[in-house]
Amino acid sequence: GGAQRVVVLRHRRSPSPTVTDPGRDAPAPVPIHRRSLDYEAFEHGDGLDIVGRLVDSRPWAEDGRSVATVHDMELRVSVDLGDLRITAAQAVMHTFPHTECPGIVEAFAGLVGLSVARGYTREVQSRFGGPRGCTHLEQLARSLGPVVVQSVTSRRALAVSRGEAEDLITGTGSPWARNSCHIWAEGGVADQKLAAGWRPGVGA
């Protein structure tokens, strides 16, 4: 109760590419499969509540010819912003192909205690990869790290918009995106821009 939405992150694939242009008047191709990953992050006290959802569907089967939704699963976690550790985790299966599938959901409570900082993806694969888990819930778990990074940034951006923070990094020490990509490589483009006076989250 009282949780405040910080950011909505949606990861959806574009319509499937075609090798040849079907032409302006040709009907749009119907995908044989669609996987959707959707994440929402909410501010909750000194942490974040994140809900990830994975849906596998067959758009061609929406007319009832076959099963249209194969998987519909959620992973809900709470993350402490102090040390970026997961403090609560719950997996939920809404739609699944085997009666026995939900037998693995309790295993994902084992995410509690993990830090989503460096090494997180490797640890998730070690604990829940292959026959030790569910490949779909594991994908949701593996994707959490970047979602937390973006959510922390959006939380800071909200503070900037309210006049509660000067920019995205002042007062936070070294940018924690350091070495996360080619832009934030040590001594790279972002460092050069920072040295020139740029402050992320201010201006265009």
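The legends below describe close-up views of a predicted model.

View 1. Strand 2 (34-44) and strand 3 (residues 47-57) pair in the antiparallel sense, and eleven bridges join them. The two strands form a hairpin with two residues between them, and in this turn glycine 45 has a positive phi of about 60 degrees. Within the pairing, phenylalanine 42 stands opposite aspartate 49, which belongs to strand 3. Strand 3 is largely enclosed by the rest of the structure, because eight of its eleven residues are buried.

**View 2. The pairing of strand 3 with strand 4.** Strand 3 also runs antiparallel to strand 4, and the two are joined by eleven bridges. Two of the facing positions can be picked out along this pairing: glycine 52 has leucine 75 of strand 4 as its bridge partner, and aspartate 56 stands opposite histidine 71, again in strand 4. Nine of the twelve residues of strand 4 are buried, so strand 4, like strand 3, is described as largely enclosed by the rest of the structure.

View 3. Strand 4 and strand 5 are antiparallel and pair over eight bridges, with arginine 76 standing opposite glutamine 90 of strand 5. Five residues lie between the strands of this hairpin, in which leucine 84 takes a positive phi near 60 degrees. Glycine 82 is found in the loop between strand 4 (69-80) and strand 5 (86-95), and with a relative accessible area of 69% this glycine is exposed. Although glycine 82 and glycine 47 are 35 residues apart along the chain, their C-alpha atoms are separated by 7.9 Å.

**View 4. A nonpolar patch on the surface.** Val30, Ile32 and Trp60 together form a nonpolar surface patch, whose accessible area comes to about 320 Å². Of these residues, isoleucine 32 is placed in the loop between strand 1 (4-12) and strand 2 (34-44). Isoleucine 32 counts as exposed because its relative accessibility is 70%, where the cut-off for exposed is over 50%.

**View 5. Helix 3 and the glycine that follows.** Helix 3 covers residues 144-161, and its 18 residues should span 26 Å at 1.5 Å a residue; the C-alpha atoms at its ends are 25 Å apart, which agrees with that expectation. Several residues of the helix are buried, namely Leu144, Gly145, Val147, Val148, Ser151, Ala159 and Val160. Glycine 163 follows helix 3 and has a positive phi, near 80 degrees.

**View 6. Cysteine residues without a disulfide.** Zero disulfides are found when the whole structure is searched. For cysteine 134, the closest cysteine sulfur is that of cysteine 101, and the two sulfur atoms are 6.7 Å apart, which is too far for a bond, since a disulfide requires a pair of cysteine sulfur atoms within 2.5 Å.

Notes
Residues numbered from 1 in each chain as written. Predicted model: local features only at pLDDT ≥ 70, side-chain atom pairs only at ≥ 80, totals over all residues. Heavy atoms only, no water. Helix = DSSP H or I, 4+ residues; strand = E, 2+ residues; numbered from the N terminus. Buried < 20%, exposed > 50% of the residue type's maximum accessible area, 1.4 Å probe, protein only. Expected span 1.5 Å × (residues − 1). Patch = residues over 30% accessible without salt bridge, like charges linked within 9 Å, V, L, I, M, F, W, Y side chains within 5 Å. Areas by Shrake-Rupley, 256 points an atom, 1.4 Å probe, with all protein chains shown as cover. Salt bridge = Lys/Arg side-chain N within 4 Å of Asp/Glu carboxyl O. Pairing = 2+ DSSP bridges.
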